[in-house]
Amino acid sequence: MFYVPDDTEICGFYECKDCGERFLSLQIAPKLICPYCGEVPDMEVGPDDELPVAKESAILLEVIEGKEEVEKMDTLLSLAVTGGDYEWI
């Protein structure tokens with residue numbers, strides 16, 4: 001599959017409010033750092049540095065459960081990304 005490994009039973013369906021990308025993730029949380037536009041902050045700080053803040057801009061839209069449902073959603077989202085080229089399936 002494109003977003004999640006084969007035989008995934010449950011995943012989260014997210015949309016980034018900054019860049020608008022939609023994606024699936026194995027992590028299920030109300031908000032995540034967007035893998036497309038977000039940056040994971042470097043937590044190594046010096047004595048004069050401020051603690052970096054992680055911007056969680058991806059919002060959970062739905063929890064997808066069941067192998068068939070996850071596979072169907074992954075296929076639909078991947079077709080949108082690949083422009084309808086489903087030769088990789």
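There are 3 aromatic pairs in this structure, where a pair means Phe, Tyr or Trp rings (six-membered ring for Trp) with centres within 6.5 Å, called stacked when the planes are under 30 degrees apart, edge-to-face when over 60 and tilted for the rest. Before going on, a word on provenance: this is a predicted model, so local features need pLDDT of at least 70 and side-chain atom pairs count only at pLDDT 80 or more, while totals for chains, interfaces and linings use all residues. Residues are numbered from 1 along each chain as its sequence is written, and side-chain values use heavy atoms, with hydrogens and water left out.

Back to the rings. Phe2 and Tyr3 make an edge-to-face pair, with 5.1 Å from centre to centre and 75° between the planes. Phe2 is partly exposed at 39% relative accessible area, whereas Tyr3 is buried at 18%; the cut-offs here are under 20% for buried, over 50% for exposed and partly exposed in between, using a 1.4 Å probe and protein chains only.

| Residue | Relative accessible area |
|---|---|
| Tyr14 | 0% |
| Phe23 | 4% |
| Cys11 | 0% |
| Cys16 | 2% |
| Thr8 | 9% |
| Ser25 | 14% |

Now the cysteines. How many disulfides does the structure hold? The count is 0, taking a disulfide as two cysteine sulfur atoms within 2.5 Å. Cys11 is in no disulfide, and its nearest cysteine sulfur belongs to Cys34, 16 Å away. For Cys16, the closest cysteine sulfur is in Cys37 at 3.6 Å, which is too far for a bond.

Next, the stretch ahead of strand 1. Thr8 is found in the segment before that strand, which covers 10-16; strands are DSSP runs of E with at least two residues, numbered from the N terminus. A polar atom of the Thr8 side chain lies 2.5 Å from the backbone oxygen of Pro5.

What is its phi, about? Asp7 has a positive phi of about 65° although it is not a glycine. Most residues other than glycine have a negative phi. Asp7 is exposed, too, with a relative accessible area of 59%.

Ser25 is part of strand 2, residues 22-25. The Ser25 side chain reaches the backbone nitrogen of Gln27 at 3.1 Å.

Last stop, the surface. Which residues make the nonpolar surface patch of about 210 Å²? They are Ile10, Ile28 and Val63. Patch residues have over 30% relative accessible area and no salt bridge, with nonpolar side chains (Val, Leu, Ile, Met, Phe, Trp, Tyr) joined within 5 Å and like charges within 9 Å. A salt bridge here is a side-chain nitrogen of Lys or Arg within 4 Å of a carboxyl oxygen of Asp or Glu. Ile10 lies in strand 1 and counts as partly exposed, at 39% relative accessibility.

Terms used:
Helices (H or I, at least four residues) and strands (E, at least two) are DSSP runs, numbered from the N terminus. A polar contact is a pair of N or O atoms within 3.5 Å; within protein, one must be able to donate a hydrogen and the other to accept it, and residues adjacent in sequence count only if both atoms are side-chain atoms. Accessible areas come from the Shrake-Rupley method with a 1.4 Å probe; for residues, only the protein chains shown count as cover.
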